[in-house]
Amino acid sequence: MHVEPVRGLPEWTTIMIKVIATGKGGVGKTTIIATLARLLVQDGYRVLVIDTDPSMNLATSLGVPFERLATLADHRDEVREKLGAGAHADDEGHAHRQADQHELDEVINGYTMLTPDRVRVMVMGTIPYGGAGCICSSISLVKLVISAIEKKDTTPDFIIVDSQAGSEVLGRGLAADYDLNLVVTESTPRAMDVARHVMKLAGDIGVKKQIVIVNKVEEFSEVPSVAKALGVAPDNVYPVASDRKVYEADRQARLILDFAPESMVITNIRSIKDAIESG
Ligand SMILES: Nc1ncnc2c1ncn2[C@@H]1O[C@H](COP(=O)(O)OP(=O)(O)O)[C@@H](O)[C@H]1O
Ligand SMILES: [Mg+2]
């Protein structure tokens, strides 16, 4: 079913906004993306989220049962064949011919899942074969799918990539020409070190805009000092409150959006969504 965007972007646009979330493990990328994706869908946007974390937390936290996960990595050769890259062609994710709409639909229908909340989820999966050593060839697959989607008329409004720590994904250039990097951090020195690192990498590969999300904030007064420490303007920094309910929701395999929809955490993530919608 086709959903028209109801606000934010002009309706005539076929522009697809590509967003990536980066930051140290455990800072809250998956929690925030899952919530953001659902809020954007509630606003009428078509959202495809891509889980590039080998542990596949994003898909499961959006309600896709583990048994139903059809990962790209598990179907590497079919995906490459259908999208015109050839099963054993170069590993950079470049197609040698353009896939037609039918082939693309087969990939979308075969390897993405629609959650009960109508977020479309694609899962990269783990290392595709023993000895592959790194996730590079899986990242190339994700690149291949995104570039095939981009060339068609029926693109989603948003693609949001959950990128584990981010460095590998940024290093492999998956996010080159992305519109937005959501740099998720906590106010701890180590999380901020990773934030600085991914901001630099994203800047180097040409990501157009970056905003910083400081998660698990105990005191909102600490936010300006995080902005200062990261060298970014305070109005580019979005706090998300610390709330034990997020953790409780996690333990019950639920999302904070269902568990505590009126919480400060949700109010804060809504502000991020508004900022994304208004460009
Ligand atoms: N705002 C928050 N307040 C309290 N706990 C949080 C918050 N955001 C995330 N968490 C908890 O932090 C842990 C890591 O979150 P997760 O989203 O999986 O991080 P990442 O994807 O960056 O590794 C989870 O246990 C989650 O419940
Ligand atoms: Mg995660």
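Me: Which exposed residues does helix H7 carry on the face turned away from its buried side?

Reply: This is a predicted model, in which local features need pLDDT of at least 70, side-chain atom pairs count only at pLDDT 80 or more, and totals for chains, interfaces and linings use all residues. Residues are numbered from 1 along each chain as its sequence is written, chains are lettered from A and ligands numbered from 1 in the order in which they are written, and side-chain values use heavy atoms, without hydrogens and water. Helices (H or I, at least four residues) and strands (E, at least two) are DSSP runs numbered from the N terminus, and a residue is buried under 20% relative accessible area, exposed over 50% and partly exposed in between (1.4 Å probe, protein chains only). On the face of H7 turned away from its buried side, the exposed residues are Pro189, Arg190, Lys200 and Asp204.

Me: How many degrees of arc around the axis do the buried residues of H7 cover?

Reply: The buried residues of H7 are Ala191, Met192, Ala195, Val198, Met199 and Ala202. They lie on the same side of H7 because their arc, taken from the directions from the helix axis to the C-beta atoms, is only 125 degrees.

Me: What distance does H7 reach from its first C-alpha to its last?

Reply: H7 runs over residues 189-204, which makes 16 residues.

Me: Which residues come nearest to ligand 1?

Reply: A residue is near a molecule if one of its heavy atoms lies within 4 Å of it. There are 16 residues around ligand 1, and those that come nearest are Gly26, Lys29, Thr30, Thr31 and Asp250.

Me: How far is a polar side-chain atom of Asp250 from an oxygen atom of ligand 1?

Reply: A polar contact is a pair of N or O atoms within 3.5 Å; within protein, one must be able to donate a hydrogen and the other to accept it, and residues adjacent in sequence count only if both atoms are side-chain atoms. A polar backbone atom of Val27 is 3.3 Å from an oxygen atom of ligand 1, and a backbone N or O atom of Ala241 lies 2.9 Å from a nitrogen atom of the ligand. For the side-chain atom of Asp250, the distance to a ligand oxygen is 2.8 Å.

Me: Which helices and strand each supply at least two residues of the shell around ligand 1?

Reply: The shell divides into four nonpolar, seven polar and five charged residues. Here Ala, Val, Leu, Ile, Met, Phe, Trp, Tyr, Cys and Pro count as nonpolar, Asp, Glu, Lys and Arg as charged, and the others, Gly among them, as polar. The elements that each supply at least two residues are helix H1, strand S7 and helix H9.

Me: Where is Lys216, a residue with a positive phi although it is not a glycine?

Reply: Phi of Lys216 is about 60 degrees. At 37% relative accessibility, Lys216 counts as partly exposed. Its place is in strand S7.

Me: How far is the C-alpha of Leu257 from that of Leu39?

Reply: Leu257 is found in helix H10. With 6% relative accessibility, Leu257 counts as buried. Leu257 and Leu39 are 218 residues apart in sequence, and the distance in space is 8.9 Å.

Methods:
Expected span 1.5 Å × (residues − 1).
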